[in-house]
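This report goes through one protein model, from its surface to its core and its loops. Please look at the sequence and the structure before reading on.

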Amino acid sequence: MIVNLVVLNIVRFIGIFLLQIVVINNITVAGMFTPFLFVLFILMLPTNINKLLLLLVSFMMGLLIDITSNMLGFNAFCCTFVAYLRILFANRMLTHDEPIVISSPSIRSVVPQQFIAYVMMLLFIYGILYFSLVYMDFRAFGKIVLSAALCALITTVLSVLLQLIFIPAKKNTI
């Protein structure tokens with residue numbers, strides 16, 4: 001079971017990374033931003049993952065995106081920060097602090113509204129951090145918030161659609 005989960009997350013890491021750099025990075029919404037689909041990988045890691053491993057894997061995902069996008073470490077910083085927040089908020093938002101381990105948080109494995117709120121909140125924070133670093137100007141505060149909100153919304157919709165397509169529905173057993 002653990003080996004299957006490790007293999008699944010390695011395949012997910014490679015798949016989401018390739019999807020981001022090959023397809024998503026070539027999509028610009030309103031000439032302002034590109035969806036941050038790669039953050040979904042961080043949000044879908046098991047809730048009981050080792051905290052240091054979570055931070056390292058998140059940093060690596062962000063660093064790889066930065067290298068392939070010619071960025072200055074913005075994504076590495078934002079991914080690591082969101083991974084830290086995920087440590088603090090995942091159990092509160094997904095299971096209401098119940099001692100439940102979710103091997104792969106998704107729209108199909110938890111209450112959909114809780115998952116969408118979890119993804120939207122962390123993507124919005126990611127966007128605020130990212131666009132603050134990109135614009136580096138307090139006068140662009142409105143543009144930062146608007147870009148972060150739209151990016152979080154579009155990335156969440158894209159994430160939910162991909163999960164509905166690629167994650168099979170639970171079979172009802174009677």
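## Terms and confidence

A residue is called buried when its relative accessible area is under 20%, exposed when that area is over 50%, and partly exposed in between. These words are used throughout the report.

The model is predicted. Its mean pLDDT is 91, and 97% of the residues reach 70 or more. Among the elements of the protein, the lowest mean pLDDT, 92, belongs to α1, and the highest, 97, belongs to α3.

Ile2, Val6, Ile10, Ile14, Leu18, Val22, Val23 and Ile27 together make a nonpolar surface patch of about 700 Å². One of these residues, isoleucine 14, sits in helix α1, which covers residues 2-22. Isoleucine 14 has a relative accessibility of 44%, so it counts as partly exposed.

## The nonpolar core

The largest nonpolar core has 45 residues, and those that touch the most other members are Phe36, Phe38, Val39, Phe115, Tyr118, Tyr126 and Phe131. At least two residues of this core come from each of α1, α2 (39-43), α3, α4 (74-95), α5 (112-135) and α6 (141-166).

What does tyrosine 126 touch, leaving aside its neighbours within four places in sequence? Tyrosine 126 is in contact with Phe36, Phe38, Val39, Asn75, Cys78, Cys79 and Val82.

Is serine 58 buried or exposed? Serine 58 belongs to helix α3, which spans residues 51-69. Its relative accessibility is 0%, and therefore serine 58 counts as buried. If residues up to four places away in sequence are not counted, serine 58 touches Ile42, Cys79, Thr80 and Ala83.

Methionine 120 is part of helix α5. With 27% relative accessibility, methionine 120 counts as partly exposed. Its contacts, not counting residues up to four places away in sequence, are with Ala152, Leu153 and Thr156. Phenylalanine 13 is 107 residues apart from methionine 120 along the chain, and the C-alpha atoms of the two are separated by 20 Å.

## The salt bridge

How many salt bridges does the structure hold? The structure holds one. In general, side chains of opposite charge can pair when their charged atoms come close. Here the partners are arginine 139 and aspartate 137, whose closest N and O atoms are 3.2 Å apart.

Arginine 139 has a relative accessible area of 75%, so it is exposed. Aspartate 137 has a relative accessible area of 28%, so it is partly exposed.

## Loop residues with positive phi

Most residues other than glycine have a negative phi. The two residues below are described with that in mind.

Asparagine 70 is not a glycine, yet its phi is positive, at about 55 degrees. Asparagine 70 is located in the loop between α3 and α4. It counts as exposed because its relative accessibility is 70%.

Methionine 136, also a residue other than glycine, has a positive phi near 45 degrees. Methionine 136 is placed in the loop between α5 and α6. Its relative accessible area is 60%, so methionine 136 is exposed.

Note on methods. Residues are numbered from 1 along each chain as its sequence is written. This is a predicted model: local features need pLDDT of at least 70, side-chain atom pairs count only at pLDDT 80 or more; totals for chains, interfaces and linings use all residues. Side-chain values use heavy atoms; hydrogens and water are left out. Patches are made of residues with over 30% relative accessible area and no salt bridge: like charges are joined within 9 Å, nonpolar side chains (Val, Leu, Ile, Met, Phe, Trp, Tyr) within 5 Å. Accessible areas come from the Shrake-Rupley method with a 1.4 Å probe; for residues, only the protein chains shown count as cover. A salt bridge is a side-chain nitrogen of Lys or Arg within 4 Å of a carboxyl oxygen of Asp or Glu. Helices (H or I, at least four residues) and strands (E, at least two) are DSSP runs, numbered from the N terminus. Buried means under 20% relative accessible area, exposed over 50%, partly exposed in between (1.4 Å probe, protein chains only). Contact means heavy atoms within 4.5 Å. pLDDT is the predictor's confidence in each residue, from 0 to 100. A nonpolar core is a set of buried Ala, Val, Leu, Ile, Met, Phe, Trp, Tyr and Cys residues joined through side-chain atoms within 4.5 Å.
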